[in-house]
Amino acid sequence: SSSSSSSSSSSSSSSSSSSSCSTASSSSSSSSPPCSDCLRLREEVRLKQISINALLDEVTALRRRLASASSTASAPAPVHPQEASRKRRRIIHCEPYVEHYAPYHAHEYVSEYNRKRYESQAERAWDKFYRTNKTNFFKDRHYLHREFPVLLQPDIHILEVGCGVGNSTFPLMSINPSARFHCFDISPYAVQTLKESEHFDASRVTAFTWDPANEPTPDILADKKECFDVALIVFVLSAIPPALLPTAMRRVVKLLRPGGLLLVRDYAQGDLAQERFETQHAPHTTVIAPHYFVRGDGTLSYFFSTQYMREVMEGSGLEEEQNVVHDKHVSNIKYDMEMDRKFIQCVFRRPAPPSETSLP
């Protein structure tokens, strides 16, 4: 009985103490200190706030570093005062770049190596040209006897320089049945094509291969010195390198008899073809020098002035009788095109002693 009374008394005391604690906490919560749970929660909130503040500080610091790096990258690097002064002097004394500006295709000439390469391959280029185009490229020149009436003289002996496939030879053979021809070209294929033509007459025409700019007089002309009445050169001089042109002309002039004529028709400066070459409207055309071009197929093209033609011919021992530029308006009906062409036309005479007769 004593133990049960003691246990009951202890339980009653504990219950009374707990009730008193709860009563005290409820009745005087504002004045009494908080419990352990509240303190723990408050501590966690405080620690979280500290962590958040630390993260915000880090973000702010990173933003400042980023702004500083951006401004440093955009700003020019510091230059030593002496270096800056030297740069200023260099800029002041430098000529404006715009003074020397030009489109890439204008006045942009090939190197000396490439120029020699193009000129050394002239024979191969023309032979390839005629193998590709055969007789379908150049039209027959039925106008030559009107431009050069001397070609109609009976029994005239004509040396044709650069005969090609016979675009000048055959029309002249038909218009002047008594004319005789010695024709040569740099292209073996062109000469062979001329010989195989149905219009070829071996009794009137002697055709052979010769490059007077690079080769001495061939054996077939060994006995023809001062023999020919006329040397006919139609759209050929423009295909000879200008540096070799005087040599070629001296070799041809030696074959003219005293008083004989040298007849030239070729491209003049300012021709539509030259404008196309200079403005790159003709594809794959390369500028070698002023007025001097190489086409995409490797063939050369030079455009003459009357002054330059006069210098070359008089330097070869000829006298000028005609040296003019003809302006010709050409209409291409097939392509509906109007073209302004310029051709140079010349007549030069080999001087003859007073006792010898000359062609009229």
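User: How many salt bridges does the count come to?

Analyst: Keep in mind that this is a predicted model. The rule looks for a side-chain nitrogen of Lys or Arg within 4 Å of a carboxyl oxygen of Asp or Glu. Applied here, the count comes to eleven salt bridges.

User: Let's take one. How far apart are the closest N and O atoms of Glu-43 and Arg-46?

Analyst: They are 2.4 Å apart, and the two residues form a salt bridge. Next, look at where the partners sit along the chain. Glu-43 and Arg-46 are three residues apart in helix H2 (residues 36–74), so about one helical turn separates them.

User: Which residue does Asp-127 form a salt bridge with?

Analyst: That's Arg-131, with 3.1 Å between the closest N and O atoms. Both belong to helix H5 (residues 122–133), and since they are four residues apart, the separation is about one helical turn.

User: What about Glu-320 and Arg-310, where do they sit?

Analyst: First the contact itself: these two form a salt bridge, their closest N and O atoms 2.6 Å apart. This pair links distant parts of the chain, with Glu-320 in strand E9 (residues 319–332) and Arg-310 in helix H11 (residues 306–315), ten residues apart. Glu-320 is partly exposed at 32%, and Arg-310 is partly exposed at 23%. Salt bridges can also share partners, and here that joins Glu-112, Arg-115 and Glu-119 into one network.

User: On to the sheet. In what order do the strands E6, E7 and E8 come?

Analyst: The order is E6-E7-E8, in an open sheet with antiparallel pairing. E6 (286–289) and E8 (300–302) each have a single partner strand, so they stand at the edges and one side of each is left without a neighbour in the sheet. From one strand to the next, the twist averages 30°.

User: How many bridges join E7 to E8?

Analyst: Three bridges join E8 to strand E7 (residues 292–294), and the two run antiparallel.

User: Which helix lies across E6, E7 and E8?

Analyst: Helix H4 (residues 112–120) does, running at about 100° to E6.

Definitions and conventions:
Residues numbered from 1 in each chain as written. Predicted model: local features only at pLDDT ≥ 70, side-chain atom pairs only at ≥ 80, totals over all residues. Heavy atoms only, no water. Pairing = 2+ DSSP bridges. Axes fitted to C-alpha atoms, helices over the stretch in contact; angles between N-to-C directions. Contact = heavy atoms within 4.5 Å. Buried < 20%, exposed > 50% of the residue type's maximum accessible area, 1.4 Å probe, protein only.
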